[in-house]
Amino acid sequence: LPELEVRYLFTQLINAVDYTHTAGVVHRDLKLENILLTYHGLDQSAPTLYVADWGFGTHYLPGHATLTERVGSLSYCAPELLTGKTYIGPEVDVWSLGVIFYAMLFGM
């Protein structure tokens with residue numbers, strides 16, 4: 001995607017993930033396939049981004065590494081998930097966001 005479009009979409013994605021983390025929820029399966037775009041109103045050039053498929057989503061306790069489940073898509077997984085270490089939650093979503101950002105800019 002063009003850099004300006006990636007910036008526009010990725011900003012929406014970061015805001016959505018930040019909102020869920022602030023609410024104590026972690027997605028754990030962020031990937032391109034779970035990002036939906038819709039076009040509303042007269043301005044068909046500005047899509048709205050939605051995060052879908054919350055099947056692996058769960059609540060977490062900030063500051064407490066209590067999650068251990070190995071979930072999500074392998075190519076988007078953080079090292080904590082692959083090695084079976086305990087994790088708090090948001091860090092695995094942030095890792096996936098980095099993979100998504102790379103894929104949006106350079107393809108996969």
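The model is a predicted one, and its secondary structure amounts to three helices and four strands. Along the sequence these elements follow the order α-β-β-β-β-α-α.

**Overall shape**
- The radius of gyration of the protein is 14 Å, which agrees with the value near 13 Å that a compact globule of 108 residues would have.
- Taken along the principal axes, the box filled by the C-alpha atoms of the protein comes to roughly 45 × 30 × 20 Å.

**Packing and contacts**
- Of the 108 residues in the protein, 37% count as buried.
- When contacts between residues at least 6 apart in sequence are considered, 58% of them join residues that are at least 24 apart.

**Thr20 in helix α1**
- Thr20 belongs to helix α1, which covers residues 3–22.
- Thr20 has a relative accessible area of 14%, and because the cut-off for a buried residue is under 20%, Thr20 counts as buried.
- Leaving aside residues up to four places away in sequence, Thr20 touches Val25 and Trp54.

Key:
Residues are numbered from 1 along each chain as its sequence is written. This is a predicted model: local features need pLDDT of at least 70, side-chain atom pairs count only at pLDDT 80 or more; totals for chains, interfaces and linings use all residues. Side-chain values use heavy atoms; hydrogens and water are left out. Helices (H or I, at least four residues) and strands (E, at least two) are DSSP runs, numbered from the N terminus. The radius of gyration is taken over C-alpha atoms; the globule rule is 2.2 Å times the number of residues to the power 0.38. Buried means under 20% relative accessible area, exposed over 50%, partly exposed in between (1.4 Å probe, protein chains only). Contact means heavy atoms within 4.5 Å.
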